[in-house]
Amino acid sequence: MCKLLIFGGTTEGRLLAEHCSKNGISADVSVATEYGAELLPEDVNVLCGRLETEEMTALMLKNGYIMVVDATHPYAVEATKNIKAACEAADVKYLRLLRKSSVCCGKTVSNMAELTELLNSTEGTVLSTLGSKALPELTKVRDYRERLWIRVLPSEKILEQCRESGFDTAKVIQEKGPFTTAQNIAHLQMSGASILVTKESGETGGYSEKAEAARICGVKMITLTRPAESGHSLEEIINIIEKELKK
């Protein structure tokens, strides 16, 4: 019986799944998207699709997991909230896998309201690397159709979301990351941006490459900082599951 359930879709989730696969630890990995599934080893049992709290609880009870690792994105606040609630309902041990932080460059904001207020006090073209979930809030930026370039995953659904939100699809960059410094420079030059907006995505999310590209291009950088939370590093998570699941 599989004892471990990993909620992944991130680099950290993939690394943990790879460790389990190589060390004889049976683990199922739940991801929200096909893109998240593509990151995982072929011999890992992948459960693909977004789950509500009740569905998570039912899955945990049905499969009898004794431990759940939340390796979702640092900014996926709602997903983490739902996973915690499901673990509590199913009486399953919950562990949060934290991404290593980076030292932020340029200006920082703690939420989207602060970001849009700051952008509305500036002039010039903006390149957003916040992803498609930020689209609704970015429509509050003054002259957003003219000013904003958006970098998102390659998906017809996401492109349609950009179109429906009123963004100029000629200013939508659809590529998979993390991106190298050279790729970030190319996107900044393509957009002609004077401001780069990003999340504090850590080393695995390519934050330093974005910061370096902004420095080289003489572009201002605004970072949306992470929600405060507690948890464990990848190394600490591995030690815990080694002790608990190899008994």
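User: Over how many bridges do strand 1 (residues 4–7) and strand 2 pair?
Analyst: The model is predicted; local features need pLDDT of at least 70 and side-chain atom pairs count only at pLDDT 80 or more, whereas totals for chains, interfaces and linings use all residues. Residues are numbered from 1 along each chain as its sequence is written, and side-chain values use heavy atoms, with hydrogens and water left out. Helices (H or I, at least four residues) and strands (E, at least two) are DSSP runs numbered from the N terminus, and two strands pair if DSSP finds at least two bridges between them. F7 stands opposite S30 in strand 2, and the parallel pairing of strand 1 with strand 2 extends over four bridges.

User: How many residues of strand 2 (residues 27–31) are buried?
Analyst: Buried means under 20% relative accessible area, exposed over 50% and partly exposed in between, with a 1.4 Å probe and protein chains only. A27, V29 and V31 point one way from the strand, D28 and S30 the other way, and all are buried. The count for strand 2 is therefore five of five.

User: Which residue of strand 3 (residues 45–48) stands opposite D28?
Analyst: Strand 2 and strand 3 run parallel and are joined by four bridges. The residue opposite D28 in strand 3 is N45.

User: In what order do the six strands of the open sheet lie?
Analyst: The pairing in this sheet is parallel. Strand 6 (107–109) and strand 9 (172–174) are the edge strands, each pairing on one side only. From one strand to the next, the twist averages 20°. The order is 6-11-10-7-8-9.

User: What angle does the direction of helix 10 (residues 207–217) make with that of strand 10?
Analyst: Within the sheet, strand 8 (residues 148–152) pairs with strand 9 in the parallel sense over three bridges, and the bridge partner of I150 is V172. Helix 10 packs on the sheet and touches strand 8, strand 10 (195–199) and strand 11 (220–224); contact means heavy atoms within 4.5 Å. Axes are lines fitted to C-alpha atoms, for helices over the stretch in contact, and angles between N-to-C directions run from 0 to 180 degrees. The angle is about 170°.

User: How many residues apart in sequence are the parts that the pair of Y144 and F167 ties together?
Analyst: Rings of Phe, Tyr and Trp (its six-membered ring) pair if their centres lie within 6.5 Å, and planes under 30 degrees apart count as stacked, over 60 as edge-to-face and the rest as tilted. Y144 and F167 are edge-to-face, at 4.9 Å centre to centre with 65° between the planes, and both are buried. Y144 lies in helix 7 (residues 144–147) and F167 in the loop between helix 8 (156–164) and strand 9, so the parts tied together are 23 residues apart.

User: Which residues have the most contacts inside the largest nonpolar core?
Analyst: A nonpolar core is a set of buried Ala, Val, Leu, Ile, Met, Phe, Trp, Tyr and Cys residues joined through side-chain atoms within 4.5 Å. The largest one has 25 residues, and helix 5 (112–119) gives the largest share, four residues. Beyond residues up to four places away in sequence, L138 touches residues including M112, L115, Y144, I150 and F167. The residues with the most contacts inside this core are L115 and L138.

User: How far apart in space are T33 and G49, C-alpha to C-alpha?
Analyst: T33 is found in the loop between strand 2 and helix 2 (34–38) and is partly exposed at 32% relative accessibility. Leaving aside neighbours within four places in sequence, T33 is in contact with C48 and R50. T33 and G49 are 16 residues apart in sequence, and their distance in space is 6.0 Å.

User: What is the relative accessible area of D91?
Analyst: Most residues other than glycine have a negative phi. D91 has a positive phi of about 55° and lies in the loop between helix 4 (77–90) and strand 5 (93–96). D91 is exposed, and its relative accessible area is 73%.

User: Which residue does a cis peptide bond join to G177?
Analyst: At this bond, omega is about 0°.
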